[in-house]
Amino acid sequence: MKAVGYLKSLPLTDPKALVDFTADKPVPGPRDLRVAVRAISVNPVDTKVRMRAEPKPGEPPKVLGYDAAGVVEAVGSEVTLFKAGDEVFYAGSIARSGTNAEFHLVDERIVGTKPKSLTFAQAAALPLTSITAWEMLFDRLGVKPTKTPDGRALLVIGGGGGVGSVMIQLARRLTGLTIIATASRQETRDWCLKLGADHVIDHHKPLAEQLKAIGHPQVAMVAGITGTDQSAPQLADIIAPQGQFVLIDDPKTLNVMPFKPKSISVHWESMFTRSVFGTADMIAQHKLLNEVSEMIDAGLMITTAAQELSPINAANLIKAHAQIESGTTVGKVVLSDW
């Protein structure tokens with residue numbers, strides 16, 4: 001099968017940063033689906049792993065990719081949720097070989113049924129960001145799905161990217177929260193408002209002043225998607241007493257002592273926790289992806305795919321990685337077909 005991988009952690013200016021190669025078709029384990037990959041998307045984790053996890057000498061190229069949409073081609077002996085021919089979408093596991101390959105193995109418990117109303121490319125934009133946003137909102141922050149207004153506000157720092165784009169939609173459709181997103185460019189401000197944000201402020205300017213100006217001097221919850229190094233020192237002032245902060249990025253340091261007087265709780269979110277550790281509730285990701293799929297088909301959410309490249313190869317993946325590393329992506333970069 002065709003695949004794209006890397007042998008050394010190299011900058012994208014090096015033509016060997018990602019390479020095309022041929023690999024053996026993988027054999028499914030008991031709970032595995034073997035998926036014929038039709039489309040993938042690129043996330044910040046792809047670029048981080050490329051620069052941090054270098055294959056050892058003599059090992060085959062490491063295959064990245066944590067988002068895919070495709071067709072089930074074969075199933076393991078204990079699979080019960082899917083059958084050959086089913087169209088699926090999922091985000092895989094960081095502990096296994098990635099989705100940048102023609103055929104990919106994935107545990108059925110973290111796979112959802114692809115939205116019927118979307119193309120494979122449009123669907124591939126959604127799994128990792130949907131899982132991350134859902135778990136941040138409902139599992140880590142403990143928000144209860146309800147449309148009843150409760151007077152609380154959620155601040156989404158980095159609303160224009162992949163996770164922020166999904167979180168705004170989930171919060172708009174499934175909660176009664178006031179949604180405040182941050183964005184610094186006009187195109188990302190417009191995007192956040194289109195997705196359902198009530199207000200948009202600029203994360204490059206002091207947050208407290210802007211929040212006061214829109215009538216929300218303090219917020220109950222903050223979702224830190226990007227830029228925590230810059231925003232964290234401001235959060236103790238703007239989070240309400242007994243409020244919550246959830247983050248997914250990797251700040252060099254995180255001083256939580258200023259949060260103590262207000263009893264502000266801090267939550268980490270990694271959407272790979274369930275798959276890497278095989279948690280008892282691993283199937284929760286299958287269920288939430290199916291709910292997202294149903295919401296898409298009902299017209300309650302839209303895909304966050306913003307740019308599509310074809311075919312799936314090293315040259316186009318280098319372009320996609322460069323777009324992610326630029327920090328200017330709106331929505332998701334997707335790749336389709338081999």
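Residues are numbered from 1 along each chain as its sequence is written, and side-chain values use heavy atoms, with hydrogens and water left out. Because the model is predicted, local features need pLDDT of at least 70 and side-chain atom pairs count only at pLDDT 80 or more, whereas totals for chains, interfaces and linings use all residues.

Secondary structure elements are DSSP runs numbered from the N terminus, helices being H or I of at least four residues and strands E of at least two, and two strands are taken to pair if DSSP finds at least two bridges between them. On this basis, six strands form an open sheet with parallel pairing, in the order S10-S9-S8-S11-S12-S13. Strand S9 (residues 178-182) pairs with S10 in the parallel sense over three bridges, and Ile180 stands opposite His199 in S10.

Helix H3 (residues 127-140) lies across strand S8 (153-157), strand S11 (219-224), strand S12 (239-247) and S13, and runs at about 145° to S12. Helix H7 (residues 228-238) lies across S8, S11 and S12, at about 160° to S12. Contact here means heavy atoms within 4.5 Å.

A nonpolar core is a set of buried Ala, Val, Leu, Ile, Met, Phe, Trp, Tyr and Cys residues joined through side-chain atoms within 4.5 Å, where buried means under 20% relative accessible area, exposed over 50% and partly exposed in between (1.4 Å probe, protein chains only). The largest such core has 87 residues, and Leu137 and Leu154 are among those with the most contacts inside it; H3 gives the most to this core, with seven residues. Beyond its neighbours within four places in sequence, Leu137 is in contact with residues including Leu154, Met167 and Leu170.

Regarding backbone geometry, a cis peptide bond with omega of about 5° joins Ser310 and Pro311, and Pro311 lies in the loop between strand S14 (305-309) and helix H10 (314-326). Gln242, in strand S12, has a positive phi of about 65° although it is not a glycine, and Gln242 is exposed, with a relative accessible area of 68%.

Key. Axes fitted to C-alpha atoms, helices over the stretch in contact; angles between N-to-C directions.
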